[in-house]
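Here is a short briefing to read alongside the model. Take a moment to look it over first, then follow the notes by topic.

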Amino acid sequence: MNDTQQALWQTLQASGLVVGDQPTATPIDSPWYIKALQAVSGWLAALFLFAFIGFTMDLLDSPIASLVTGAVMIVGAFALLRGSENDFLEHIALAASMTGQLLVIYGIAEMLNSRDVTLWLLVLLMQSLLAVLMPHFIHRLLSAIFAAFSLLAVMADWGLGVLFEGLLASLVAWLWLHEFRLVKHMKAVRAIGYGLLLSAACLSNSVETWDIFNGSSNVEFPWLEHWMGSLLTAAVLILVVWTLLQRNHVSAGNKIAWLALSGTAVVSIASLEIWGLSTGLMILLLGFAASNRVMQGIGIVSLLYSASAYYYTLEITLLEKSQQLLIVGLLLILARWIMQKALPAQPEREHA
Amino acid sequence: MMTSNRSQLIELIQQGAIAPEQIESALKASKVRPDNQAWATYLDRLLLCFGAMALSLAVLFFFAYNWADLGKYAKFGLAELAIVLAVAVYWYQSHKPLVAQVSLLAASILLGVLLALYGQTYQTGADPWQLFFNWALLMLPWALISRFAATWILWIALLNLSIQLYDGPMRSVLRQVFASQEETLWLLFALNALALIIWELLAKRLTWMSARWAPRLLAVATGTPMTWLAVNSIMGRHQAIAAMAWCAGAIIIAFIYQRLIRDLFMLAGLCLSGIVVTISFFLRNVFRSDFADGFLLLAVLIIVLGGGSAMWLKRVHQRWQS
């Protein structure tokens, strides 16, 4: 038992939130970089396993055989992951499942005889199911990332690519706002939450690239514009701010609530053309709201990425971008000044 | 090693020690959910940092546009005015540490804009690496008085950039790291290793250097060229001394970050580097003789190394917990 654990228990005890003796310390969940190491090595092993199968067996000649073998491997991995706490077995299961998925996708692609949106839809379905069902943090996380990627492919194909950022942001927001509500599924919510969070941080700027690459930009919905997608994300951000305000018992009539909401709205509308900014800000706020440092780190990296992607977009000139940034920067400094004036001298009065 | 209230509370909730209806109160009591005071402080910092960042980027984008209608004196005037403004904010707000630090960082970034503008206007014929080197040189006094980790990381990043540009024109980040010449990799390694050592030594005395993100970043910048040197040396493209240096470095890192400074991130990085080096050793010596079966062996090897690393790291983590 270390000191911080004891201190926390005493705090909770003093508030009457726990009774009795402190439970014996179980090992705390391993930090993110150990999980990242496991994810990278599991995925890498799967690639080599797939290459081995491809080179030595005739599996890839028959789509059905490939599909069936893949499915068996996934089910086997599921059984292994459910029963075991051993690191080596977990690694084997992870690699086997990834290889199985590659085989299944290969089989389906061969049977469909095309690379159109049906394949992406099936991948989306498979990855979503795996993210929900597989009883393993890293597996859920990787599946959630692949699911988000296939969702982007499907939406881009349907001409709805601009709405992807907002849709993903709303999923991320919902999951992380319910992190401590869905107690029974806490582990799953966090794993899928991190997967979608990473996808939101990486893919939010890439919709444009995808459109050009696919050549199918806004075919079905010619009236959809990029700013509408950004508006959707901005709306999600405002909703998140509203939820957080309510959580801290700042009511709707309150001056602070009004300032926070209108400030968020003004900043996000001024930055509609800076893709990924609202998402990055939302990640930062959600991270701080739950003392999640990893999440805040992802938020900062995501914002830096969004700024550099903004530099390279071709839709508006650097001069216009410079003007927009100037406005956003001045608005932020102004918001800070207003906040300092508006907050009472003894902020304790606002306490919940 | 400290564990956050957050992860401990999650552990308690998962053990069922806290009743579901009490969770929200427990989150507040343990400060995992920040109170209004904490929110106010956080938002204050957030608005300040992002505001300063957006304004600096606005100036940078403006000069990158290279507006033809604007005369060169007007341009220089604007760039210099921006720097003077940033320094003025530092001067008048020096009693507020964060405002002062952020304004000096902004001034340091704007200094680079001014130097780039100078090169653009007068076509000095200087090599690109000189721009970043001079930038680092000229911002050094500000870095020294700033007592701000981000400013120092910018300074080290500029030196890294100028070493890489000395090697050749800028390419994508990945190619920049992996296609550089041997001397460049050694230089990068030496610079970042020195920075890391100095940082760790000073971090014990200076509180503003105690946050772990900066030395971790430096360790990644040290480990990446070193790992690549070792891989190249195993593959026979570079001298054998790199592989030996890697082994020595690995032992030193393992000792320091287990015994002297407990940092699991560094040990995880060491494991990753070890996996990469072992695989390249295997590729060089086994793979070529037997192609297809080699893939299977490789997969098994990665599983063993990855699983072994995870097991060791978790064991160390657990030992530090108790």
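**Overview of the fold and the contact**

Read from the N terminus on, chain A runs α-α-α-α-α-α-α-α-α-α-α-α-α-α. Please keep in mind that this is a predicted model.

**Chain A as a whole**

- The secondary structure of chain A consists of 14 helices and zero strands.
- Along the principal axes, the C-alpha atoms of chain A fill a box of roughly 75 × 65 × 30 Å.
- Chain A has 352 residues, of which 42% count as buried.
- Among the contacts in chain A with a separation of 6 or more, 71% are between residues 24 or more positions apart.

**The largest nonpolar core**

- The largest nonpolar core has 155 residues, and those touching the most other members are A:Ala95, A:Val172, A:Leu196, A:Leu197, A:Met282, B:Leu110 and B:Ala299.
- Helix H6 (residues 137-157) of chain A gives the largest share of this core, with 14 residues.

**Where chain B meets chain A**

- The contact takes 67 residues from chain A and 71 residues from chain B.
- On the side of chain B that touches chain A, the elements giving two or more residues are helix H1 (5-15), helix H2 (23-29), helix H3 (36-65), helix H12 (264-287) and helix H13 (291-321) of chain B.
- H3(B) provides the largest share of that side, 19 residues.
- Sorted by class, the side of chain B that touches chain A holds 45 nonpolar, 20 polar and six charged residues.

**A:Leu331 in its setting**

- You will find A:Leu331 in helix H14 (residues 318-342) of chain A.
- Is A:Leu331 buried or partly exposed? A:Leu331 counts as partly exposed, because 19 C-beta neighbours lie inside 10 Å, whereas a buried residue needs 20 or more.
- Leaving aside neighbours within four places in sequence, A:Leu331 is in contact with A:Val266, A:Val267 and A:Ala270.
- A:Leu331 and A:Pro63 are 268 residues apart along the chain, and their C-alpha atoms are separated by 58 Å.

Definitions and conventions
Residues are numbered from 1 along each chain as its sequence is written. Chains are lettered from A and ligands numbered from 1 in the order in which they are written. This is a predicted model: local features need pLDDT of at least 70, side-chain atom pairs count only at pLDDT 80 or more; totals for chains, interfaces and linings use all residues. Two residues are in contact if their C-beta atoms, placed from the backbone, lie within 7 Å. Helices (H or I, at least four residues) and strands (E, at least two) are DSSP runs, numbered from the N terminus. Ala, Val, Leu, Ile, Met, Phe, Trp, Tyr, Cys and Pro count as nonpolar, Asp, Glu, Lys and Arg as charged, and the others, Gly among them, as polar. A residue is buried if 20 or more other C-beta atoms lie within 10 Å of its own, exposed if 12 or fewer, and partly exposed in between; C-beta atoms are placed from the backbone. A nonpolar core is a set of buried Ala, Val, Leu, Ile, Met, Phe, Trp, Tyr and Cys residues joined through C-beta atoms within 7 Å.
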